[in-house]
Amino acid sequence: MAFLQIDNVSKYFPSPLGEGRVCVFKDVTIKIDKGEFVTVIGHSGCGKSTLLNIIAGLDEASEGGVLLGGREVSGPGLDRMVVFQNFSLMPWMTVFENIALAVRSAYQDWEPSQVAAHVNKYIALVGLKGAEAKRPAALSGGMKQRVGLARAFSIEPKVLLLDEPFAQIDALTRGVIQEELIQMWNTSKNTVFMVTHDVDEAILLSDRIMLMTNGPSARIGEIVDVTIPRPRSRESIIDHPHYYKIRNHVIHFLVRHAAHAGGVGSASGGRSVEEPVLVRF
Ligand SMILES: Nc1ncnc2c1ncn2[C@@H]1O[C@H](COP(=O)(O)OP(=O)(O)OP(=O)(O)O)[C@@H](O)[C@H]1O
């Protein structure tokens with residue numbers, strides 16, 4: 001059994017037309033090893049965030065389930081930490097307090113000095129030294145997301161769930177924070193499940209990229225192994241002979257599926273389950 005196992009998960013929502021229900025995705029199975037970095041890419045509306053929320057325990061699967069370390073996920077927990085694109089910081093708390101709140105809830109028997117040392121370590125890791133006393137309103141989008149990532153990593157969860165964490169950040173800052181994320185992940189070796197629309201980001205960060213087909217009844221169409229060795233940096237990966245092969249393959253998949261985009265279907269999704277195609281260059 002894999003460390004994190006998404007087992008035949010399907011999700012239905014009530015139809016917006018008021019008749020029956022719509023199958024967002026059907027029979028999604030993903031097996032993720034401990035320490036693996038997996039990303040999911042697919043067109044808007046195929047159900048990526050819904051799938052992430054089910055893993056987080058913030059939403060329920062209609063069918064199937066999620067197992068973490070062999071135990072069924074049945075609600076939110078400190079073993080899974082989510083970073084959303086809208087930062088989700090406490091606006092009345094400082095940078096330090098936002099992170100400390102999470103650390104105190106994860107390590108309830110720690111002395112204040114131990115909490116402070118731990119928080120400061122993560123503040124330094126994301127380059128926010130000097131901004132400890134600032135409140136979110138005084139931070140740029142990039143700084144806010146650094147706090148979000150530091151908060152998530154600081155509690156050392158078993159699984160980090162990242163839902164397009166860089167979507168609201170300008171391209172230059174995004175590149176810098178992606179590399180900070182790689183550094184933190186290199187140290188922590190957390191298992192990461194990330195939703196993104198950015199193909200370059202997926203190649204830079206992932207061990208494997210899950211390509212989702214469009215809904216209704218979306219599924220994992222292909223799984224692409226990112227065979228480019230680590231350590232990776234944005235500058236170095238583009239020179240690797242596999243880089244453009246992987247990039248073109250993912251983009252072709254997305255373009256092919258864009259042609260079939262949209263539509264609200266019936267609940268049945270009544271076709272047999274197709275295994276994802278494994279792609280390795
Ligand atoms: N609570 C809900 N009630 C009804 N329908 C919902 C609900 N949440 C999501 N949906 C629908 O489920 C589908 C998948 O939504 P989801 O946000 O998971 O897609 P996504 O792939 O993450 O999209 P995006 O890339 O735009 O964020 C969409 O059609 C959405 O309208």
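UniProt positions are given here in the numbering of this chain, feature names are shortened, and annotations may be inferred rather than shown by experiment. Residues are numbered from 1 along each chain as its sequence is written. This is a predicted model, where local features need pLDDT of at least 70, side-chain atom pairs count only at pLDDT 80 or more, and totals for chains, interfaces and linings use all residues.

**View 1. The annotated span covers residues 4–239.** An unreviewed UniProt entry labels this stretch "domain: ABC transporter". Its end C-alpha atoms lie 32 Å apart, and the span is 33% helix and 26% strand. Helices (H or I, at least four residues) and strands (E, at least two) are DSSP runs, numbered from the N terminus.

**View 2. Four strands form an open sheet.** Follow the order E2-E1-E4-E5, with antiparallel pairing; two strands pair if DSSP finds at least two bridges between them. Strand E2 (21–32) and strand E5 (71–72) are the edges, each pairing on one side only.

**View 3. Strands E1 and E2 run antiparallel.** Here 8 bridges join E1 (residues 4–14) to E2. Look for Gln5, whose bridge partner in E2 is Lys31.

**View 4. Helix H1 lies across E1, E2 and E4.** This helix takes in residues 48–56, and strand E4 takes in 63–68. H1 runs at about 120° to E1; axes are lines fitted to C-alpha atoms, for helices over the stretch in contact (C-beta atoms, placed from the backbone, within 7 Å), and angles run from 0 to 180 degrees between N-to-C directions.

How values were computed. Contact = placed C-beta atoms within 7 Å.
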